[in-house]
Each structure stands twice: as C-alpha cells, then as structure tokens.
Amino acid sequence: MKMLINVPETVVADALRGMAAAHPELAVDVENRVIVRKDAPVAGKVGLVSGGGSGHEPLHGGFVGPGMLSAACPGEVFTSPVPDQMLRAAAAVDSGAGVLFVVKNYTGDVLNFDMAAELAEDEGIQVAKVLVNDDVAVTDSLYTAGRRGTGATLFVEKIAGAAAEEGMPLERVAAIARQVNENSRSFGVALSACTTPSKGTPTFDLPDGELELGIGIHGEPGRERRPMMTSGEIAEAALDAVLEDLTPRNPVLVLVNGMGATPLLELYGFNAEVQRVLGERGVPVARVLVGNYVTSLDMAGASVTLCQIDEELLRLWDAPVRTPGLRWGV
C-alpha cells in the first residue's frame with residue numbers, strides 16, 4: 001500500500017508539524033501532542049477539550065478554534081491519547097470557568113479522560129465530562145462497552161462550542177452537549193477497509209463485491225455483510241437503522257459523512273438519496289452537512305448522523321465557527 005508518509009513511526013508528529021505551519025492561529029505542541037487555540041484561555045469562557053486516536057481527521061484537531069473546541073489531544077493512529085496530554089490541554093484552556101471533556105465512547109478514551117479529570121481537579125480545575133455514544137449499529141464491540149461514539153461528536157463539539165463561546169456556565173454547556181448526544185443517532189457503511197501506516201495492509205478483509213453495514217470508525221465489525229448495494233439502497237438501510245432508534249418530533253440536522261476515501265461526487269449523490277428517504281418518512285430537515293469530517297484513514301464508505309434539534313440548538317449550530325475543518329459565519 002502506497003502512502004504519502006516518511007516512516008510510520010513519525011506520521012502523527014509530521015502531520016502536527018504540517019498543521020502548525022498551515023494554521024498559525026493554533027498553538028501546536030508537537031512534542032506533547034496538544035493543539036490549542038492561540039487565544040486560550042479566554043476570560044470567563046468554559047474550555048472545551050476533546051481528543052482521540054489519530055486517523056479520523058479533521059476530528060479532533062481540525063475542530064479547534066473559535067466557536068468549537070479550545071484544545072484537542074491526538075493519540076497515535078487509532079490509539080487513545082494519554083492523561084498527561086488531556087491534563088496539559090485542560091490547564092492551557094482553563095480560565096477559571098471550568099473545562100468540558102468531550103469523550104467518544106471507546107474504552108481507552110473513557111479511562112484516560114476519567115484519569116485526566118481526576119488529575120485536573122487535583123490541580124483546582126473544575127471538569128465536566130460528556131460521553132458521545134450515538135452509533136446504533138452495535139452494542140459492545142472491539143473497542144467499546146456500549147455504543148460507539150461517531151458522527152455526533154461533530155454536532156456535540158460545534159453546538160457546545162457555540163454555547164461556551166456565548167459565555168454560558170459549565171453546567172449549561174455540559175447539559176447542552178448531553179442533549180445533543182441524546183438526540184443523535186448514526187450508522188456507517190464500509191465499501192473497503194482502511195490501512196494503518198504501521199500495518200501497511202487492510203485492517204480487515206472485505207471481498208470484492210461486498211460491503212459491511214454498521215462499520216465502526218476503526219474498522220470494527222458491523223452488523224452484517226451484503227452484496228454491493230446501490231446508493232439508494234444503502235441510504236434506506238442506514239436510515240432504517242437510525243429511525244428505528246430515533247423518532248424525530250422536531251426537524252433534524254443531517255451529517256452525511258465520508259469515511260476518508262469517498263469523493264464528494266459520491267457523497268453528494270448519497271445525500272440526494274438520504275434526503276429522498278427522509279422525505280418519504282416525513283422527517284423535516286433543518287440543516288445538512290456533507291463531507292469528510294469523522295474519518296477512518298483511507299476507508300471508502302459513509303455514515304449518516306441525525307440530530308433532533310430545537311430552536312436553541314439550531315441557533316447554536318448556525319453560530320459562527322472558525323476552525324481548520326469547519327468554518328462559517330465569519
């Protein structure tokens with residue numbers, strides 16, 4: 001497998017050096033693996049910190065900036081960051097108003113963020129935590145106890161980030177983040193496996209002419225394999241799973257997310273089918289985001305995330321954001 005890298009051992013460090021050169025508005029600590037908005041800490045503002053294994057870009061480092069995260073901690077590829085990174089990030093962004101940890105539900109992330117929260121509180125930093133567990137495909141998998149955290153992470157980080165930017169207190173920012181997670185469901189489909197730099201070969205075997213329904217963002221097994229389906233059939237299968245678990249009473253945000261190797265031409269075509277199915281099911285759509293946001297290296301495939309919203313959540317979604325990976329209203 002050909003990759004645009006030097007050696008596998010320096011992939012994350014090389015990417016962080018490149019990110020620092022491209023985004024001078026961020027403070028990128030390559031050695032300690034922490035990405036912080038340069039104006040942090042912002043007086044009176046709750047700090048938002050997230051992180052996880054590298055390989056899901058632009059999640060999380062690409063979402064650091066005004067209107068979203070205050071800091072992010074990248075681990076090695078598909079490997080949780082360590083508590084020291086999270087503590088360093090929390091200390092860098094704490095203005096005295098407290099820090100919210102946004103944690104995807106993967107065992108390593110949960111354990112390390114829990115430990116970091118204890119360490120931060122020992123240093124006088126008030127910490128709240130929100131667990132993201134939106135994936136309806138499976139319960140308990142290779143990396144998780146319970147449901148996996150996937151596409152809804154973007155919704156949580158954007159909406160909670162806007163709430164923090166407005167100066168809301170930690171308890172309110174955390175409550176909004178939990179509301180977004182509780183109102184969100186996701187389902188992913190893989191057309192090919194991803195390849196990690198250290199392994200150099202696909203992480204699992206997916207024969208030609210087959211796809212995997214319910215895949216995770218690390219290549220974890222899904223619900224089932226089927227012969228290749230059309231875009232419309234995939235949209236129906238994904239939304240069947242999501243709407244079996246979520247009955248929207250209000251309009252929804254829709255994320256049609258590429259897994260890393262699916263071009264926008266295909267993603268926009270897939271979104272057309274997603275919108276068709278939602279229309280047929282009578283689900284009103286408030287906003288749509290299409291692109292590669294919560295990825296799995298070079299995996300081909302897509303995921304669909306729905307988040308039921310109210311007027312306040314929609315206002316916070318629409319609020320200005322200025323990060324490398326998401327930008328509008330500024």
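With which side chain does the side chain of H60 make a polar contact?

Modeller: Please keep in mind that this is a predicted model. The side chain of H60 makes its polar contact with the side chain of E157, at 2.8 Å. As for where this residue sits, H60 lies in the loop that runs between β3 (47-54) and β4 (71-77). Its relative accessibility is 4%, and because anything under 20% counts as buried, H60 is classed as buried.

G222 is found in the loop between β8 (210-213) and β9 (224-227), and with a relative accessible area of 17% it is buried. Its C-alpha atom is separated by 6.8 Å from that of V138, although the two residues are 84 residues apart along the chain. V138 is also among the residues that G222 touches, the others being E212, L213, G214 and I215, again not counting residues up to four places away in sequence.

Turning to the helices, α2 (residues 83-93) and α3 (residues 107-122) pack with their axes 8 Å apart and at an angle of about 45°, which makes α2 oblique to α3. The crossing in which α2 passes α3 is right-handed. On the α2 side the contact is made by P83, M86 and L87, and on the α3 side by N112, F113, M115, A116, L119 and A120. Sorted by class, the residues in this contact of α2 with α3 are eight nonpolar and one polar, with no charged residues.

The other helix pair is α6 (residues 231-245) with α7 (residues 264-280), whose axes lie 9 Å apart at an angle of about 50°, so that α6 is oblique to α7. The crossing of α6 and α7 is right-handed. Here α6 contributes S231, G232, I234, A235, E236, L239 and L243 to the contact, while α7 contributes G269, F270, E273, V274, R276, V277 and L278. By class, the contact of α6 with α7 holds eight nonpolar, three polar and three charged residues.

Key:
Residues numbered from 1 in each chain as written. Predicted model: local features only at pLDDT ≥ 70, side-chain atom pairs only at ≥ 80, totals over all residues. Heavy atoms only, no water. Axes fitted to C-alpha atoms, helices over the stretch in contact; angles between N-to-C directions. Helix = DSSP H or I, 4+ residues; strand = E, 2+ residues; numbered from the N terminus. Parallel < 35°, antiparallel > 145°, perpendicular 65-115°, else oblique. Left-handed = near helix turned anticlockwise from the far one by under 90°. Contact = heavy atoms within 4.5 Å. Nonpolar A, V, L, I, M, F, W, Y, C, P; charged D, E, K, R; others polar. Buried < 20%, exposed > 50% of the residue type's maximum accessible area, 1.4 Å probe, protein only. Polar contact = N/O pair within 3.5 Å; in protein donor to acceptor, adjacent residues only side chain to side chain.
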